[in-house]
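Here is a walk through one protein chain. We follow its salt bridges, then its backbone, then its cavities.

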Amino acid sequence: MSTQIETGCQEIKVTVADGVRTIRMDRPEKKNALTLPMYDAIAAALTGANDDVDTRATLMLGLPGAFSAGNDIAEFAKMATAGALGEPIVAFLNTLAQSQKPLIAGVDGLAIGVGTTMLFHCDYVVASERCLFKTPFTDLALLPEAASSLLGPRIMGHPKAFELLCMGQAFDAMAFEKAGVVNAVTSADALEDTALAAAKTIATKPVGAMKIARDLLRKAGVEEVKSRIREEAAAFATQLGSAEAQAAFAAFLNRK
């Protein structure tokens, strides 16, 4: 039996079934580009998972062909004018870093910007063969976020993290599996079933043992991750107000 959780945001759907809380980004017309209300809703769903005894694992999904196109550029352009990063974004990143339940992601198609960097916080990632991972931060005169400047080199090694985060190079699913970000690669048709099967397997494990084991893997770095999120956010906010960032946003929006 599946239970629907009200999110207050029509682009974020949350259900709980068989111990798995599924958070689905559902903004097809914008390829799941994330808005501030979407960030709020996902953060609330993750917080709800922490407090819900029926949630033993959390699964993040997008849509066929689009996990997430990253941040909504129109909102970012407004932030650039204000010279400040939206508080819901920072709150989401901190909530993600402090998730108390195992995090699984099923990624199909585009995973751009935060659609890629949020995966560094996941415990298990399934990607389809048609995935494209890319973080075009410097192309927009911006900086890495979501503690990716810390977690990227830690997971991928500095050379590959530099390609991803500084050069904005694209990675396919096999390259991301080789780099250690992705656990399993499957077809697009099998993506959600494979990711859900992994989440259900995790959900069947003894809760206490799973929590302790996961905490042992993660605890040493949680405060460091939170500190890096703050450091990145401050630098990001400053850069948002820069002339080069505003020019990059204007050029992007004019091209669109």
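**Salt bridges, turns and cavities**

Glutamate 192 and arginine 24 join their side chains in a salt bridge, at 2.9 Å from N to O. The term means a side-chain nitrogen of Lys or Arg within 4 Å of a carboxyl oxygen of Asp or Glu. This pair links distant parts of the chain: glutamate 192 sits in helix H8, arginine 24 in strand E3, 168 residues apart. Helices (H or I, at least four residues) and strands (E, at least two) are DSSP runs, numbered from the N terminus. Glutamate 192 is partly exposed because its relative accessibility is 29%. Arginine 24 also counts as partly exposed, at 22%. The classes run as follows: buried is under 20% relative accessible area, exposed is over 50%, and partly exposed lies in between (1.4 Å probe, protein chains only).

The model is predicted; local features need pLDDT of at least 70, side-chain atom pairs count only at pLDDT 80 or more, and totals for chains, interfaces and linings use all residues. Residues are numbered from 1 along each chain as its sequence is written, and side-chain values use heavy atoms, with hydrogens and water left out.

How many salt bridges does a search of the whole structure find? The search finds 14. One of them pairs the side chains of aspartate 18 and lysine 200, at 3.5 Å from N to O. Aspartate 18 lies in the loop between E2 and E3, and lysine 200 in helix H8 (residues 191-203), so this bridge ties together parts that are 182 residues apart in sequence. Lysine 200 is partly exposed, with a relative accessible area of 33%.

A local pair sits elsewhere. Glutamate 223 bridges to lysine 226, with the closest N and O atoms 3.4 Å apart. Both residues belong to helix H9 (residues 207-240), three residues apart, about one turn of the helix. Lysine 226 is buried, at 16%. Salt bridges can also form a network, and here one links Arg27, Glu29 and Asp72.

Now turn to the backbone. Aspartate 18 returns here: its phi is positive, about 55°, although it is not a glycine. Its loop runs between strand E2 (12-17) and strand E3 (20-25). Aspartate 18 counts as exposed because its relative accessibility is 55%. Asparagine 32 has a positive phi too, about 60°, and is not a glycine either. It is found in the loop between E3 and helix H1 (36-51). Asparagine 32 is buried, at 0% relative accessibility.

Finally, look inside. The structure holds two cavities of 30 Å³ or more. A cavity is a set of points, on a 1 Å grid over the protein atoms alone, where a 1.4 Å probe fits but cannot get out; lining residues have an atom within 4 Å of a point. Grid points are joined across faces, edges and corners, and a volume is the space filled by probe spheres set on the points.

The largest cavity has a volume of about 40 Å³. Its lining includes Tyr39, Asn71, Phe76 and Phe236. By class, that lining has seven nonpolar, one polar and one charged residues. Ala, Val, Leu, Ile, Met, Phe, Trp, Tyr, Cys and Pro count as nonpolar, Asp, Glu, Lys and Arg as charged, and the others, Gly among them, as polar.

The second largest cavity has a volume of about 30 Å³. Among its lining residues are Ala146, Ile229, Glu232 and Ala233. H9 gives the largest share of this lining, three residues. The lining divides into five nonpolar, no polar and two charged residues.

Conventions. On a 1 Å grid over the protein atoms alone, a cavity is a set of points where a 1.4 Å probe fits but cannot get out, and a pocket is an open set with protein on both sides within 12 Å along at least five of seven lines; lining residues have an atom within 4 Å of a point.
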